Amino acid sequence: MTAAGSEQATASEPIRERGDSAGRSTLTAADRAYATLRAAIIDGDLAPGAPLAEVEQSTRLGMSRTPVREAFARLTDDGLATELGPRTLVVSTIDADDVTALFDLRRALDEQAARLAARRATPEQRERFRTLAERFANVTTATLSDDDAGRHGYYALVTEFDATIDQALGRSPHLAAALARVRTHLARVRRLAHDDDARLVASAAEHGAIAAAIADGDAERAAHATHLHLHNALTSIHAHLKESTP
């Protein structure tokens, strides 16, 4: 339940490696290509509209064209790449209308996720949310200045918050899967919007309020705090996108 205009699901939530019976990684070449290209798109290294060519990317990644082709198919399915023709693939673009549509979906998913987490969280999970609320309260412009330029430390905290939400959902795997897909696009939006530290501090306080409500088991308070956070996040993102539009 990452909140826009505020956090990031870093180059985000790395691909989970499969393993054999001996615990060795069985991540395929296609998995590696997908993870690398996905991160490059989310981080903005591959900008909206940038062409995705099999030959170029296979050379860059040091692998054959087949796994790169498979990775392209997965990126297209994710909505991160768009086919413009039989042999023309580009990084998907994002505009203000796309952001609004994304947040329409987020309101439905994130507010319900907050309600369910508040109702279903175990005592141990409630303590984790309480700890997360305390950690968000410690986020200041000073602590952010100690982070790297991409604020990856802060975004790692938000990713931990999201993961704890998912765990508390328990019996709602389809909701968790839908949230994961939305977070992928949200991470791109945040990169393009270039949030400043003042917004990140405000967002941290908003996350803290959500975490505290879930820890207290107050479902409607958690949903309301999420609604407020999403409103502020969308307002911030639209403002930044407007400033960056020529």
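How many salt bridges does a search of the whole structure find? The model is a predicted one, and the search returns 16 salt bridges. Three of these pairs are followed below.

The pair Arg106 and Asp110 is joined by a salt bridge whose closest N and O atoms lie 2.5 Å apart. Both residues belong to helix H4, which covers residues 96-120, and because they are four residues apart, about one helical turn separates them.

Glu220 has a relative accessible area of 45%, which means that the residue counts as partly exposed.

A further salt bridge, between Glu127 and Arg130, has its closest N and O atoms 3.8 Å apart. That value still falls within the 4 Å cut-off for a salt bridge. The two residues are three apart in helix H5 (residues 123-137), so they are separated by about one helical turn. Glu127 is partly exposed at 47% relative accessibility, and Arg130 is partly exposed at 32%. Salt bridges with shared partners join Glu127 and Arg130 with Asp216, Asp218 and Arg221 in one network.

Next comes helix H9, residues 197-215. With 19 residues at 1.5 Å a residue, H9 should span 27 Å, and the 26 Å between its end C-alpha atoms agrees with this. Its buried residues include Arg199, Glu206 and His207, along with Leu200, Ile210 and Ile214. After H9 comes Gly217, which has a positive phi, near 75°.

What does the secondary structure of the chain come to? There are ten helices and two strands, and along the sequence they follow the pattern α-α-α-β-β-α-α-α-α-α-α-α. Of the 246 residues in the chain, 46% are buried. Among contacts with a separation of 6 or more, 76% are between residues 24 or more positions apart.

Conventions: Residues are numbered from 1 along each chain as its sequence is written. This is a predicted model: local features need pLDDT of at least 70, side-chain atom pairs count only at pLDDT 80 or more; totals for chains, interfaces and linings use all residues. Side-chain values use heavy atoms; hydrogens and water are left out. A salt bridge is a side-chain nitrogen of Lys or Arg within 4 Å of a carboxyl oxygen of Asp or Glu. Buried means under 20% relative accessible area, exposed over 50%, partly exposed in between (1.4 Å probe, protein chains only). The expected span of a helix is 1.5 Å times one less than its number of residues. Contact means heavy atoms within 4.5 Å.
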